[in-house]
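User: I am new to this structure. Please take me through how its features get their labels.

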Amino acid sequence: MVQDKTSVPPVPGREPAPEAEAADGPADTVSSAVEGIGAQGERRWVLAARVAAMVAGGLLLYTAFPPLDWWLCAPIGIGLIVAALYRARPRRAAWLGYLGGAVFLFPTLAWVRTIGDDVWVMLVATESVFYAVMAALAALVFRLRLWPLWFGALWVMMEWIRSLVPVGGFPWARVAFSQGESLFTSYAALGGAPLVSFAVTLCGALLAHAVLVRPAAPVGRAVNHVVRRAVPVAVALAVPLLTLVLPRPGDEGRSINVGIVQGNVPGRGMHPLGDEPAVVLRNHAEETKRLADAVRAGALPKPDIVVLPENSTDIDPYTSAFARQVIDESVKYVGVPTLVGAVVAIGDEHRATRSLVWDPVSGPGAYYDKQHLVPFGEYTPFKEIVLALWERANLVGRQSVAGTRPGDLKLGPVTIGAVNCYEVAYDDTVRGTVRAGGTPLVVQTNNASYALSNLPPQQLAMSKLRAVEHNRAVVTAATTGISAYVTPDGKVSWQTRELVPDMNVVKVPVRTQETIATKVGDLPEWALMLMGAVAVGVAARRGRRGDRMGNGS
């Protein structure tokens, strides 16, 4: 009588994938202690182990992100996530993946609680679905040889899809954004954020492979099996260490002095601009004048340009003579072209979040309108339904309209690359601005609603990755912080504290050499996703063929 192997489920970490069994002989036997447990008891033990590994993996992945920045925890957390999914059936893998996604995202996206706990829960609940689907597909590719490669490719595909849908996608909390300053960061210059995510995920999956895949070791083959275990560990270590020998673009001998102004705002939470009109406008105008006074006193070098944050004026300078006068006076006082952040009216019902060049002689000129808008913050998807169900949705007010062109703006002696707040998370927006000639990159942001949460440091980590990805200095101006200057090699040279007015003049290199990532664009991402899709197709076909053979026997 043939024993029914399905009566006792495989124990993670004790059996190889089917292909490994065929190549290396029969699998390890389950330890005598486990063999003594009944089938039902073993299922409980296995399930508990999977859940514990998934929860631990999700939490470790969270600790890799700012403000903790324990970047090495990312591949270790991925390894535990793989351990939880390995040899699980797709249905079980799906809910385990959902659990891991939720455990990871709840603390990582805790800054959303400013809007409301209900919004936080709904966002995490929605985003966790992508992790569930990815996990179910991963359960299939574990049947294949070289499955760490296919798992990493599937992770990239998952992050790509959730950057697109729903309502424009939500690319925050991608694994790459935990690697703002790590051994993995340099991969951004080769293939952008997707390649960084792939490298980290591959590293974690290889570590898991070394532990999980345990072929039996008959007498005389023990050394061979030790080598087989050592190979994935060696490759996992090589993945981050290879970046140490990657060439970096050099300095091109040109630089400019950039003034950065952080004016601060009076309010907090959902009402950051306060109740007094024009206070935000005055704060930034006064801080700009204070910068000019410091230059005249010799405390700071003279700037070539000055950068103010998103929403540095809370009054539309196109419609308000008062706002126009205040801005114009401060720009004339500092004496150099200034980038102003304003929300301006478009017709009677719409608005645009605008980066506006203000010249001390000619006044307002060229501008860039934000392309990637914040759903439920700058516009309301499904407006009629949402406004009827949530009173807070009315705080959006006028609906924003998206810009249609990249943010290359002539500002004084350079063409800067304007990127507006939320957009720094989107690969295509930043890449399009660099390709249009923007250098340095200027990120204007308004984090006032999320001050002292984990959003500002997460956004700064994105700027660090973008600097390396495109070989561009990144200057960030924030209303309440964190304002910063990031060098082209991803190092933070200067930054502010939060919730204080501050200003500085920093010397910024002007780089024009493009990285491989800038040139090839999203081709590495598409190649990785194609790898993952093909692997799923092959695994599903083998699974169906195996089922037919089993039914036929």
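Analyst: Strands here are DSSP runs of E with at least two residues, numbered from the N terminus. The model is predicted.

User: Where does I482 sit under that rule?

Analyst: I482 is found in the loop between β10 (474-478) and β11 (484-486). A cis peptide bond joins G481 and I482. Its omega is about 10°.

User: Which residues does the cis peptide bond at P67 join, and what is omega there?

Analyst: The bond joins P66 and P67, with omega about 10°. P67 is found in the loop between α3 and α4.

User: Why is D69 called partly exposed?

Analyst: Buried means under 20% relative accessible area, and exposed means over 50%. D69 has 36% relative accessibility, so D69 counts as partly exposed.

User: What is phi of V167, and where is V167 placed?

Analyst: V167 has a positive phi of about 40°, although V167 is not a glycine. Its place is in the loop between α7 (147-162) and α8 (188-212).

User: What makes V167 buried, exposed or partly exposed?

Analyst: The cut-offs are under 20% for buried and over 50% for exposed. V167 has 27% relative accessibility, so V167 counts as partly exposed.

User: How many cavities of 30 Å³ or more does the structure hold?

Analyst: The structure holds four of them. About 70 Å³ of space lies in the largest cavity.

User: What makes a space a cavity rather than a pocket?

Analyst: A 1.4 Å probe fits in a cavity but cannot get out, whereas a pocket is open.

User: How do you know that a residue lines the largest cavity, and which ones do?

Analyst: A lining residue has an atom within 4 Å of a cavity point. The lining includes M54, L61, I81, L85, F104 and W155. The elements giving two or more residues to this lining are α3 (39-63), α4 (73-85), α5 (90-108) and α6 (117-141). α5 gives the most, with four residues.

User: What classes of residue make up the lining of the largest cavity?

Analyst: The lining has nine nonpolar, three polar and no charged residues. Gly counts as polar.

Conventions. Residues are numbered from 1 along each chain as its sequence is written. This is a predicted model: local features need pLDDT of at least 70, side-chain atom pairs count only at pLDDT 80 or more; totals for chains, interfaces and linings use all residues. Side-chain values use heavy atoms; hydrogens and water are left out. On a 1 Å grid over the protein atoms alone, a cavity is a set of points where a 1.4 Å probe fits but cannot get out, and a pocket is an open set with protein on both sides within 12 Å along at least five of seven lines; lining residues have an atom within 4 Å of a point. Grid points are joined across faces, edges and corners, and a volume is the space filled by probe spheres set on the points. Buried means under 20% relative accessible area, exposed over 50%, partly exposed in between (1.4 Å probe, protein chains only).
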